[in-house]
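Please open the structure in your viewer and keep the selection tool at hand.

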Amino acid sequence: GWPLKQHVPVRELMGLSSPWYFDALPVTPAATIKYAVGFQQLREESGFKSLWGPRTCERRHECYNFTTDAQCNWNGGVWPFETSKVGTGLINLLQHYPPQPHASSVDFIDLLQTYSFAHTRSIAVESMPPHIDEDLHPDFGFWITRQKLYKNLGDPLKNRGEHYFHSSFVDLVISGLVGAQSPEYMYKAPNKHVFLVVNPLIPKGSDITWFALRHLKFRSHIVDIIYDLEGNKYGIGRGLQVWVNGKIKAKSDLVTRLE
């Protein structure tokens with residue numbers, strides 16, 4: 001074991017997610033470049049990256065293991081609660097802060113697609129997907145705590161993970177993929193007459209070629225945000241369109257920021 005009362009020098013996902021989730025970093029180019037470097041660990045297999053989502057602590061550390069029988073551990077498993085936080089933190093970095101070289105929309109889409117995979121392809125004892133639970137094994141894709149509870153026959157809490165509706169998956173889609181944002185938080189905020197900014201985090205060349213977010217209630221308005229790369233999915237033309245209260249207010253043939 002680790003020496004008693006000694007700090008463990010290990011990177012934890014919560015150390016990356018929480019400051020960016022709350023927009024707690026200085027909004028300056030120098031600070032953004034300095035602190036955003038941590039997001040590179042999402043791409044490192046010896047860091048947080050895994051097949052089923054970001055690990056809660058880095059894989060490279062000597063204390064990384066799954067040998068404990070305790071039900072709840074932040075020793076490397078994939079916790080949807082923390083994945084959702086780091087997803088929001090990455091959105092905030094890309095939407096609210098100056099440009100930096102460490103993370104991009106490619107990283108966000110990779111995280112979102114992996115998160116979707118975990119929702120729909122993971123293994124839950126006596127349950128069929130889609131399933132969301134407490135903690136997911138980063139390499140084998142089974143829900144760790146649920147499996148331990150089911151091994152303890154007669155445990156009245158064995159299905160408690162079915163109530164873990166904390167993933168905020170829809171929030172990541174709306175504010176990240178679709179890119180609906182309050183203008184006052186955006187880097188280079190628009191003038192005060194703009195009530196909504198749409199900036200989809202879709203990288204150039206992405207295989208995401210269409211989406212439609214309908215009837216979004218935003219500041220007493222009904223907003224529709226529609227993207228159709230080729231123009232043959234919805235029959236209203238190609239590109240990105242923003243409709244407010246049934247009238248088109250902004251459009252572009254390309255995925256770009258609209259106000």
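Select Leu-94, Gln-95, Pro-99, Asn-199 and Leu-201: among the 20 residues that line the second largest pocket of this predicted model, these lie nearest its centre. The space in this pocket amounts to about 350 Å³.

Next, select Tyr-21, Thr-88, Asn-92, Asp-171 and Ser-175. These residues lie nearest the centre of the largest pocket, which has a lining of 21 residues. Two or more lining residues come from each of α3 (80-96), α6 (169-177), β1 (180-181) and β3 (210-218). Which element gives the largest share of this lining? It is α3, with seven residues. The pocket holds about 410 Å³ of space, and its lining comprises nine nonpolar, nine polar and three charged residues.

Now turn to the largest nonpolar core, which has 40 residues. Select Leu-16, Trp-20, Phe-39, Leu-93, Phe-108 and Ile-225, the members that touch the most others. Elements supplying at least two residues of this core include α1 (13-21), α4 (105-121), β4 (221-228) and β5 (239-244). The greatest contribution, five residues, is that of α4.

Centre the view on Leu-16. Leaving aside residues up to four places away in sequence, Leu-16 touches Gly-38, Phe-39, Leu-42, Phe-48 and Val-86.

Finally, select Trp-52, Ala-118, Leu-136 and Trp-143. These belong to a second, separate core of seven residues.

Methods. Residues are numbered from 1 along each chain as its sequence is written. This is a predicted model: local features need pLDDT of at least 70, side-chain atom pairs count only at pLDDT 80 or more; totals for chains, interfaces and linings use all residues. Side-chain values use heavy atoms; hydrogens and water are left out. On a 1 Å grid over the protein atoms alone, a cavity is a set of points where a 1.4 Å probe fits but cannot get out, and a pocket is an open set with protein on both sides within 12 Å along at least five of seven lines; lining residues have an atom within 4 Å of a point. Grid points are joined across faces, edges and corners, and a volume is the space filled by probe spheres set on the points. Helices (H or I, at least four residues) and strands (E, at least two) are DSSP runs, numbered from the N terminus. Ala, Val, Leu, Ile, Met, Phe, Trp, Tyr, Cys and Pro count as nonpolar, Asp, Glu, Lys and Arg as charged, and the others, Gly among them, as polar. A nonpolar core is a set of buried Ala, Val, Leu, Ile, Met, Phe, Trp, Tyr and Cys residues joined through side-chain atoms within 4.5 Å. Buried means under 20% relative accessible area, exposed over 50%, partly exposed in between (1.4 Å probe, protein chains only). Contact means heavy atoms within 4.5 Å.
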